[in-house]
Amino acid sequence: MGYKNKIRHLSSFQIIIFGFAIVILVGTLLLMLPFASKANEVTSLLDALFTATSSVCVTGLVVYDTATHWSVFGKAIILLLIQIGGMGVVTIAVSAAIISGKKIGLMQRSTLQEAISAPNVGGIVRLTNFIIRATILIELLGAAIMMPVFCQEFGIGKGIGYAFFHSISAFCNAGFDLMGEKGQFSSLTSYASQPVINVTVMALIIIGGIGFLTWEDIKTNRWHFHKYRMQSKVVLVVSGVLILLPAVYFYFFEFQNEAWQGYSIPQKILCSLFQAVTPRTAGFNTVDLAQFQESGQMIVIILMLIGGSPGSTAGGMKTTTVAVLFASAIAVFWRRESASLFGRRIPENTVKHAATILVLYLFLFLSGSITISIAEQLPMLTSMFEAASAIGTVGLTLGITPGLGMISKIILIILMFFGRVGGLTLIFAAFFGTRKNVSRLPQEKITVG
């Protein structure tokens, strides 16, 4: 009875955090089992925790090559953790309750609302049903499209398994792959010029990263863009810009260099698009990013920090956060009283939240980067790339993760967890129940800028 009372007194934000933590802990214990590895040996606690966190937080950073280290059981656990993490622990739990016929109370609805960033509690169960159905349909469709390519290369049994694994991993923006048999930590580099795999994986990443609320808007209003919610408009426009502009940059300033002279124009276009899509926040790569110039790597870092959209399988600060901050800056430039987007005024509270998220992400990102750089004696840009990949739950790497020491691995674990549950979720969970200060201090101006 006491246990149930404690659960009732937890806030929605605390339930979300504890839910993710429990799944990570269970995943860690399962991955430590001897038969979870191909060598039938116990994986160390730290490495199992790192892999479980990366799976649940749909990041994709790994200390062991997924294909060559883990057994079929280990891979199945990783895939299950990816699916739970991508859809959200609370979403999975509520879905199970719906299927079993249990009544969903107000507390569960409120928690689910926070978990999937829904605008209100009304219609939350219907939205959950839509999320479940859409997820299953999209992942099945993605697997079916990739299946002929993988079956031709690996045989029917393994090809089907590979198709489902990569479809789920791409839709959940996880970035885990099974291509280690071709070359450890090679990701999808052997498919750089394969259009079916490239286009399908990119489509799954974009669909998963746009968010279920936006797709519900599209389903309801079809092609009538003017009828969409402001958030959906922002998500679609910002996502399009963040794919198109980096792709153009990569094509003209990266893939025209000597390292890529053997690539044809169509191959360069395909690689440019893929490398623009994958940092938000999937973790697959079809070229060696270590061969990018520092300017190109810096653009990838920025894209990883921005991430996907609210209510999606992606992490990062979110496209809407960046849009709100830009709108706020423009309002200041034009000396307007409030920021606006698509003819709608943005609440002052939203601007404050966006600024808080930016400060938190930059603080943790830079702190983690500096610590890793000092601990591992690595160049700052390399450390920044890895830290951005962790906090943005991306999974892209310049190849240093497997060789990192204990301190650096722990830092990346913390960053991955923070990036998945979200900055405001952690803050609201930590300060839940604190009394609001009704008194107001005297106001005094301070010069900024």
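For angles between axes, under 35 degrees counts as roughly parallel, over 145 as roughly antiparallel, 65 to 115 as roughly perpendicular, and the rest as oblique. This is a predicted model: local features need pLDDT of at least 70, side-chain atom pairs count only at pLDDT 80 or more, and totals for chains, interfaces and linings use all residues. Numbering starts from 1 along each chain as its sequence is written, and side-chain values use heavy atoms, leaving out hydrogens and water.

**Stop 1: a helix pair.** Select helix 16 (residues 348-376) and helix 17 (residues 380-391): their axes come within 8 Å and cross at roughly 135°. Helix 16 and helix 17 are therefore oblique to each other. Now show the side chains.

**Stop 2: the largest nonpolar core.** A nonpolar core is a set of buried Ala, Val, Leu, Ile, Met, Phe, Trp, Tyr and Cys residues joined through side-chain atoms within 4.5 Å; buried means under 20% relative accessible area, exposed over 50%, partly exposed in between (1.4 Å probe, protein chains only). Of the 103 residues here, pick Val-201 and Ile-301, which touch the most other members. Helix 8 (residues 124-154) gives the most to this core, with twelve residues.

**Stop 3: Val-26.** Go to helix 2 (residues 12-31) to find Val-26. Val-26 is partly exposed, at 43% relative accessible area.

Key: Axes fitted to C-alpha atoms, helices over the stretch in contact; angles between N-to-C directions. Helix = DSSP H or I, 4+ residues; strand = E, 2+ residues; numbered from the N terminus.
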